[in-house]
Each structure stands twice: as C-alpha cells, then as structure tokens.
Amino acid sequence: MSSPLQSVQGMSDIAAPDVRLWQRLEEIARATLARYGFEELRTPIVEFESVFTRSIGSTTDVVQKEMYVFEKGGRRLALRPEGTAGVMRYAAGLGPMETAGARWFYIGPMFRSERPQAGRRRQFHQCGVECLEPPSPLVDAEILALQVDLLRAWGLGECEVRLSTRGAGADAARVAEGLRDALAPREAELCEDCRRRINENVLRVLDCKQPACRAVVETLPEPTSFMDETSRTYLAQVAEHLDDLQVKHVRDPLLVRGLDYYEHTVWEITNSALGAQNAVAGGGRYRMELGGRELTGVGFAIGLERVVSVLQTLGRAEELLVPGAPLVWLVGLGDAAQRQNLSLMQSLRTAGLTCRMATGGSMKSQMRAANKAGAAWAVIRGDDELAGGVAALKNMETGEQANVPLAELAGKLTGAQK
RNA sequence: GUGGAUAUAGCUCAACUCGGUAGAGCACCAGAUUGUGGUUCUGGCUGUUGCGGGUUCAAAUCCCGUUAUCCACCCCA
C-alpha cells in the first residue's frame, strides 16, 4: 500500500544542501546562455497531447509508452516529456517576423513514465535551447559549442561529443529505404525486436546492442551513403566549424536520435562518470509543422540530474557552491530581552544582515543553536545589556567578545562583512 | 513495461541463516557550582522492524501480496 507520506515513484524532493547546487547550476546556465543571446521562455508543463504526438512522433517510445496523459474537460492533455514541442507550439502562434531570429532557452521539469534507475527519474529536469535562425552549419556549430561551453562552465570533466546527420528533405526516406533493402536478406539474423524495427523505425536497428544485430549492422553501408550530396556537405561544414571552435567531436554514423522531428545535424554528449545512462545531453536540427506553419531550428537539451550525478561522482559539487552571507545569531536572556531581540533582528535585517534567533531555551542551548547553525556572530543581550543600551557581540570563530552600543551594532556587523 | 537486489531509531548499520515481543555508533536533548557554543566527561530520549495478510503458542526473522528504493534491460536527457 502506498503511504501518503511517500512521494510518487521516480519523483523526488530536492532539498538542502543539494538544492543549493541546483540553484548554482541554474545561475551559471542563465549567465552563460545570456552571453549567446538567449532569452528564457517559460512554457506550460501541461499541453494538449497533440502538441507532442505531432512533433515528437506518434510511433516513438516517448509518446507511445512514456507520456503521462490525462483527460480534463473532454480534452486530452499531457505532461511535457521534453521541451522542444512546447516551445515550437508557442513559436507557431507568433508571426514569421518574431520567430525569424528567435533564441530561447528553458530550464524546468519534464515527465516520462519509465522505470527509475541511475540517472533516470520520472520527473527530471532539462536545460535546453531552441534557435530558429535560418539553417546554417555556422549556427549548428555555434549551438553545439554553446552546449560544450555550458558543460565546461558547470565543471564537468571529459565529455565525448558524437556527431552525425539525419539528412535533409527526402534523405530520411532514402536512408530508411536503403537500410531496409540492405537488411531484408539478413532479417533472419536479427533479434526479434529488430525484425519489428525494420518496418517501424529502421534507424533503431543501428542502435541495437545484441551481438548478432551488431554484426549485421557493421556490414551495412553508412546511412550517409544514401543521402544527397548537400546533406553530406552540410555535416562536413559543421565539423569544420567545430574544429575552428576547438570543440572536440567524433563522427558516429550509427548515432540514432529517438525523436521524429530531427533532420540534418544530430549529436549526443556522454560522460564516463555516469552508469548505463551515460548520455548527459543531446541535440540536433529539427523541422516540424504546427498549425499550418513549418518551423525549423536547432537546439539541445541537457539532463540536469545527470549533470549533478557527474559532478557528485567527480567530487566537484562542493567547489561550485558559493558560501552564504555570515549569519548573526541573537541570544536573549529573559522575556524582555527576547522581545527586544525580535525587533533588533528585524532592524539588522533591514540593514542587510542575515539573522536568526532561538525563541527559547537556556543561554547554553541558544549558544549551541548558534554554533550548530554556523553563526559567525552572536549578539547577546540580558538585563545588564538592556539597561546599558548595549549588546555583547561575540565572534564565534575567535571567541572574542565586547560590548557594543546598540546604535553602532549594525554598522559594526556590516563593516565586518565588508 | 521486463528482470535482479533491498526496506530495522533522524543517519549508517547489527540482530534474520538455526523464529522467543530489537541493539551499536553518530546525531539529538539535558547537566558538569547558578550569563557563553565548538573539544571532553556524565546522564537521557528515540522504533506501528515500509505497508497488508498468512503460518505459528510465539514473526524483524518463514510464506504471499503490495508500495518504495537501488541496479540492469527497453528507451532517452
């Protein structure tokens, strides 16, 4: 029986101290993305189901078995399983002039009903970008370089960029047909799944891990060999620009991306610090039709849980955190002092200080609380101090203590903070 | 969705194999001549053994179910 105290499977709370790392990662992301000219776009978490089925593809696993779908007021709604579809739904409602040079980014939760494991949650978080500028190898390279730049800014170590192309226009159909023809005589050698994939989604066969299937795949012609010259040239230019930008990458002709809307350049970034789910990020160029408008763009998504996981494995999470402001702890002896400390605490906060107090307990227990909270200063007041219009200010690190006139207290503390 | 492992105090774990109503460390709280934290010493508190059912005189322990967690497959970030 599920307890009302448990969170839903695969959906976890992010509490302190971890949440501080998340905040820092988001802060770094916003600063980095701003330098590339991206504006944040906050789209709803719930969309009409069709927004996803039409763009991601109704035969993909993400849509078929992983999407949270429900009905409300006779409408089929879904929790977003990824970010691009919602952004494109927004873009499709704008005029061509407004989308022409659009650069948007998003950070937020996504939902896929998969079995949780290392690096996989049912509610997970992605940071992604969408760039709707006219297709160009220059833009693709820039976006990929941005992604690598961001991963570096977060402090991830070695990441491997695998690059490929889906081909443009009719190429996708030609590749599928070419692969089917090549596979047809060898169907008997393939696993059950792959025999099904030949018709449903032939690219998936390339991705199969079964030894028998791999053996067959290795003898196949490269998918790019079925493509038009322009697709191959486009990929070569992207690779050249990446070299110019000193972004290391490897060609991986077998790279398959799961969503239907990709065309042209696609890539995936993996990190060896992760377990089986070693993809930390992915991206590519895409095209989709929504509401009678055709939209093309290039974008990426980064799995934040996986970034956090890499940083923790590498032991680099700690160094990302910036220390908080010094804490001032007010200690009061007796009801009168406690009451006046409440007001004093507020005025210190108005002066910009970070303050707390305990509402009860002996002086000893209040001092213990101050120490436990990591306070830098203790402001101590009892009857003597109240009568003298002073407070005893104690440096919790050195143990030094001196009486300070109330009027000078805030100035002294803010001065000590520098 | 499939498979394997796991679930005991706030945390990390012991007791389970060979049933006899749960222990340790850390943490927490309080004291150590009455207004001072961190170290030390002394004392104290803590559990529907995940949940539900079954077998038994007796279940943390054996059996079934269920929920969650971890890991892998599938797929993806």
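What covers the buried residues of helix H11? The cover includes helix H6 (137–153), strand S7 (159–165), helix H7 (171–183), strand S8 (250–251), strand S9 (262–271) and strand S10 (279–290), where helices (H or I, at least four residues) and strands (E, at least two) are DSSP runs, numbered from the N terminus. This is a predicted model, in which local features need pLDDT of at least 70 and side-chain atom pairs count only at pLDDT 80 or more, while totals for chains, interfaces and linings use all residues. Residues are numbered from 1 along each chain as its sequence is written, and side-chain values use heavy atoms, without hydrogens and water.

**Helix H11**
- Ser231, Tyr234, Leu235, Val238, Ala239, His241 and Leu242 of H11 are buried (under 20% relative accessible area, 1.4 Å probe, protein chains only; exposed is over 50%).
- These residues lie on the same side of H11, because they cover an arc of only 160° around the axis (taken from the directions from the helix axis to the C-beta atoms).
- On the other side of H11, Thr230 and Asp244 are exposed.
- Gln246, which follows H11, has a positive phi near 60°.

**Surface near RNA strand B**
- Among the 51 residues around RNA strand B, Arg112, Arg120, Arg197, Arg204 and Met396 come nearest; a residue is near if one of its heavy atoms lies within 4 Å.
- Helix H15 (363–372) gives the most to this surface, with seven residues.

**Individual atom pairs**
- A polar side-chain atom of Arg115 is 2.8 Å from a base oxygen of RNA strand B.
- A backbone N or O atom of Ala276 lies 3.1 Å from a phosphate oxygen of RNA strand B.

Methods
Chains are lettered from A and ligands numbered from 1 in the order in which they are written. Contact means heavy atoms within 4.5 Å. A polar contact is a pair of N or O atoms within 3.5 Å; within protein, one must be able to donate a hydrogen and the other to accept it, and residues adjacent in sequence count only if both atoms are side-chain atoms.
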